[in-house]
Amino acid sequence: MRLRRLPLNLAALAVLVVSVFPVYWMVVTAFKPTRDIQADTPQFIPLHPTLEHFRTAVGADGFGLFWRNSLLVSAGAVLLALAVAMLAAFAVARMRWRGRKAFILMVFIAQMAPWEALLIPMFIIARDTGMLDKLSMLTLIYFIVTLPFTIVTLRGFIAAIPAELEEAAQMDGASRAVAFRRVVLPLLAPGLMSTSLFGFITAWNEFAFANALIIKNQDDRTLPVWLSSFGNIFGTDWGATMAAATLFMVPVLLIFLALQRRVTTGFIAGAVKG
Amino acid sequence: MISEAPETYRPPAGPHTPTRPGPGGRRRAAKVSRAAAAWPYLLVLPTVVGTAYLLLYPLLRNVVISFQHFRTGELIRGGAAFVGLENYQDVLGSPEFWTVVRRTLAWTAVNVVLIMVISTLTALMIARLGRRMRLAVMSALVLTWATPVLAATTIFQWLFQSRLGVVNWLLVTAGFDSFDGYSWFADGDSTFAILVLLVVWQSVPFAALTLYAGLTTIPAELYESARIDGAGSWQVFRGVTFPMLRSLFGLITSLQVIWVFKCFAQIWAISQGGPDDATTTLPVYAFQVAQSLHRYDLGSAISTLTVLILLAVLVVHLRRMYSREGEEL
């Protein structure tokens, strides 16, 4: 019996190694002294762990600034998407109106929009309206990119809350808005949390628009664009490059850890619906 | 609360009126409901306005520019003139464009086939694993999934680095001495291969975990009766698993086609379409033409054609989704 399961477990081990090794190698390289990184035989376990590369990465020109930019843009986009999506999701989940189907279809189509095909008109629109090199333009773009997904997921969460709870509150004399705030919103909190964190990750990782729309004002770059030019920043210092990549990944990893269960259930449900 | 007002229960997705008349008599109810009828439209207004300005308008602007003479001069001064189909004639008449189209289709096909085959095998494997190993594999997949695109591109550049890269060391140790100091990113084909590897590595977790979630919904009795009928593994997959998950397979495949087809960040960050244009796919090509050659008109035409080609590839899925959503929603 054990032997029969061997090929299966070997295959599982292979998947495990292929999945983990690149990330492991990034972290290990970041902690190894340069001498060990350049050794002829790679060291798979860091024997002389050091924080030297993290110091180099953090001390690099504009590091704090790019962190701030990425945080501002991502958080701004998510908050905007959340506010706008909540209204729309409520209308879709709780109300019956002419044009509802068409609206839902529009959201589904927008969710699949090939945003990368809009790089050129976005660049030209940004230029015409004086929004080129502005973080606010990126915020707006990330807002519209995350909006459809946010609406679809929130709609699911709102639909899962029994409408009778709100109605009972309304019967007790609360207005619709108060009923929503007192009854639906608290129940919706976990859904809002996970939806917004996924929106945050999307914005945090975005590269194409950040690369195309922030050109002259280098101080307004975001982390992904900064990281993509690591060759210019760190040269052949792979330790510092991997330290920078590790630091860039940390927030995303924390979010995934915080959401553990929802990662594999909620998001997939949302994606499957979309 | 629920037992207090059972008569007010309405299924969330069922048909219902926007509001119930309040306690203020008929005239007030009529007034309230007219005002209430406007509510859903007010609620979706920000979404509609945002989508119109940030998605529809850029899309239309893209199409308009593709019919104009729009280069650096027009970008600065404005006043672009319409030139009819000239840009499209230029694009469609250049052999380079067709090379890029063929490359993009090959890029999409290779990636999507690999992603779907590996994900399906991985999902079937996870379903058969013991509890602890299953948890380990799924956690590993989530870790890969959580890796940001730009972190992954940087990691892969390091893995395949010519002198210090661990892949070359591994290959040389395994006896392939020709890989000693091999520069992967200097050659078109090997750069293309690494990009495929990277995109597959990043895409498998989502597809595999979703397929696994789908697998767990298939009743065990179906497998048992198939086994009793003497079906082998492949027959069980063809006779039970695949038919049960047909729509999920269709959905994931379509999503992968979209993601791989329009993939830009990985290619741009690693090779910017090079070396020798070996990794230039349509989105990269459009951006190159607009950004480096300042031919915004040609770039827009290429972008428009990109969207049309993607639509043509996906038309089957879109049609099915439209009919399905039309029934369900």
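**Figure 1. The loop holding P275(B).** P275(B) sits in the loop that runs between α12 (265-270) and α13 (282-291) of chain B. Helices here are DSSP runs of H or I with at least four residues, strands are E runs of at least two, and both are numbered from the N terminus. This is a predicted model, in which local features need pLDDT of at least 70, side-chain atom pairs count only at pLDDT 80 or more, and totals for chains, interfaces and linings use all residues. Residues are numbered from 1 along each chain as its sequence is written, while chains are lettered from A and ligands numbered from 1 in the order in which they are written. The peptide bond joining G274(B) and P275(B) is cis, with omega about -10 degrees. Q272(B) lies in the loop between α12 and α13 of chain B. Q272(B) is not a glycine, yet its phi is positive, at about 50 degrees. Most residues other than glycine have a negative phi, and most peptide bonds are trans. Q272(B) counts as partly exposed, because it has 15 C-beta neighbours inside 10 Å. The cut-offs are 20 or more other C-beta atoms within 10 Å for buried, 12 or fewer for exposed, and in between for partly exposed, with C-beta atoms placed from the backbone.

**Figure 2. D133(A) and its loop.** D133(A) is found in the loop between α6 (119-128) and α7 of chain A. Its phi is near 65 degrees, a positive value in a residue other than glycine. D133(A) has 18 other C-beta atoms within 10 Å, so it is partly exposed.

**Figure 3. The largest nonpolar core.** The core has 155 residues. Such a core is a set of buried Ala, Val, Leu, Ile, Met, Phe, Trp, Tyr and Cys residues joined through C-beta atoms within 7 Å. A89(A), I141(A) and L213(A) touch the most other members. Helix α7 (residues 135-160) of chain A gives the most to this core, 16 residues. Leaving out residues up to four places away in sequence, L213(A) touches M122(A), F123(A), A126(A), L132(A), M137(A) and L138(A).

**Figure 4. Where chain A meets chain B.** On chain A, 79 residues are in contact with 78 residues of chain B. Contact requires C-beta atoms, placed from the backbone, to lie within 7 Å. Helix α1 (residues 6-31) of chain A supplies the largest share of the side of chain A that touches chain B, with 13 residues. That side has 64 nonpolar, nine polar and six charged residues. Ala, Val, Leu, Ile, Met, Phe, Trp, Tyr, Cys and Pro count as nonpolar, Asp, Glu, Lys and Arg as charged, and the others, Gly among them, as polar.

**Figure 5. The two domains of chain B.** Domain 1 spans 26-82 and domain 2 spans 86-328, with bounds from an automatic or database domain assignment. Their centres, taken over C-alpha atoms, are 33 Å apart. Ten residues of domain 1 of chain B contact nine residues of domain 2 of chain B. On the domain 1 side, α1 (25-66), β1 (68-69) and α2 (72-77) of chain B each supply at least two residues. The largest share, four residues, comes from α1(B).

**Figure 6. An annotated span of chain B.** An unreviewed UniProt entry places the feature "transmembrane region" at several spans of chain B, including residues 36-56. Such annotations may be inferred rather than shown by experiment. Residues 36-56 of chain B are 100% helix and 0% strand, and their end C-alpha atoms are 29 Å apart.

Methods
Contact = placed C-beta atoms within 7 Å.
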